[in-house]
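Reader: I'd like to learn how to read a model like this one, feature by feature. Could you walk me through it?

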Amino acid sequence: MNYKHLFGPVISRRLGISLGVDVVPYKYCSMNCVYCEVGQTTHLINEPEELVDLPDVIKELNEYIEKNPKLDYITFSGAGEPLLYSKIGDLINYIKAKYPQYKLALITNSSHIHRADIREELLKLDMIMPSLDAVDQDIFEAINRPHEDISIKDIIKNLIEFNQHFPGEMWLEIFFVPGINDSQDELTRMREVIKEITPERVQLNSLDRPGTEPWVVQEDKEKLEEIKSFFQADLSDNILVEIIKKVDKKLYDENPGSLEVEEKIISTIRRRPCTAQDMSQMLNVHINAINKVLHKLIEEKKIEGAHQERGIFYKLINQS
Ligand code: SF4
């Protein structure tokens, strides 16, 4: 069966084997981040909407889980911001009641973590991975290009408040864009904010492969190490700071679903270069599953991407 709302299971750098559940169509988001691996936001919205049909999502989940797959997590993530789906609370309740054997995670840009109508449901999650790339509004706007009604001050306040009540784990992700959010001043203020949010982990991330904007480059590895030491030096031992690691290739190779996607991608771009979105449509595979495989192929130096007007086109490095 081809799934519209499920992708993977993919090997996530943070969650092991994770079945992705996408409840947001391409590409609805409350932000349009310069580094987004999914591409430009075409629908910049700020009010939760009934973006997908709940019975449809549930039907796919039931069909998939019937096969008793090996999974560490079921994870809400996808082509946009999952908390923009008005019925995500109902879905959390359903999964928690019907499939208690799986852990449930949410990857979010933090903009709607304060939604009062799903507060109880969010507290049932096992893991939440919110992003926070800036503490200054100008820097926030430069990197995340949010909907005009979103302020970083509110996001910080809401993250602090949320984590005071959240019994699960919070891993805060910070994506560094060199020259924009890595000044000493911003890092110092960020560290103070982390102390107030008190996540279990802070994960430092940087570009691995072409982002939405071609001028975004990877943060220097030494600089990331310096940031890690700077943060950790003044945070309690209960907050672990780490640089996000690459996918464990062995785990990846043990996952036949991913290998199948990899073969399809290679045979597609052998014929002609394509964007991730093209491949997703042609192969009927979710954009995130495509992106995970592209990421691995770039690391293995099997493919490369080139920015063109319509997006990043991927091609094989060695056509033979
Ligand atoms: S990175 Fe996340 S929050 Fe930013 S535009 Fe992409 S999907 Fe939206």
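Predicted model: local features only at pLDDT ≥ 70, side-chain atom pairs only at ≥ 80, totals over all residues.

Reader: Let's start with the domains. How is the chain divided?

Author: Domain bounds come from an automatic or database domain assignment. Here they give domain 1 (6–245) and domain 2 (256–316). The centres of domain 1 and domain 2, taken over C-alpha atoms, are separated by 23 Å. Their contact takes 18 residues from domain 1 and 16 residues from domain 2, where two residues are in contact if their C-beta atoms, placed from the backbone, lie within 7 Å.

Reader: Which strand gives the most to the side of domain 1 that touches domain 2?

Author: That is strand β1 (residues 6–12), with five residues. Helices (H or I, at least four residues) and strands (E, at least two) are DSSP runs, numbered from the N terminus. The residues on this side of domain 1 divide into nine nonpolar, five polar and four charged. In this scheme Ala, Val, Leu, Ile, Met, Phe, Trp, Tyr, Cys and Pro count as nonpolar, Asp, Glu, Lys and Arg as charged, and the others, Gly among them, as polar.

Reader: Now a helix, please. Which residues of α5 are buried?

Author: First the general idea: an α-helix has 3.6 residues a turn, so residues three or four places apart point the same way. In α5, the buried residues are I152, I155 and L159. A residue is buried if 20 or more other C-beta atoms lie within 10 Å of its own, exposed if 12 or fewer, and partly exposed in between, with C-beta atoms placed from the backbone. Seen down the axis of α5, the buried residues fall within an arc of 50 degrees, so they line one face of the helix; the arc is that of the directions from the helix axis to the C-beta atoms. The face turned away from that buried side carries the exposed residues K153, Q164 and H165. The cover over the buried residues of α5 includes β7 (127–130), α4 (137–144) and α6 (184–197).

Reader: Which residues are around the ligand?

Author: They are C29, M31, N32, C33, C36, V38, T41, G80, E81 and N109, a residue being near if its C-beta atom, placed from the backbone, lies within 6 Å of the molecule. This shell divides into five nonpolar, four polar and one charged.

Reader: Is N109 buried or exposed?

Author: N109 counts as buried because it has 25 C-beta neighbours inside 10 Å. N109 sits in the loop between β6 (103–108) and α3 (119–122). Not counting residues up to four places away in sequence, N109 touches S30, M31, E81 and S131.

Reader: And what should I look for in the backbone angles?

Author: Most residues other than glycine have a negative phi, and most peptide bonds are trans. In this model, the peptide bond from Y26 to K27 is cis, with omega near -15 degrees. K27 is found in the loop between β2 (16–21) and β3 (28–29).

Reader: What is phi of T198, and of K301?

Author: Phi of T198 is near 50 degrees, a positive value, and phi of K301 is near 60 degrees, also positive. T198 counts as partly exposed because it has 16 C-beta neighbours inside 10 Å, whereas K301, with 9, counts as exposed.

Definitions and conventions
Residues numbered from 1 in each chain as written.
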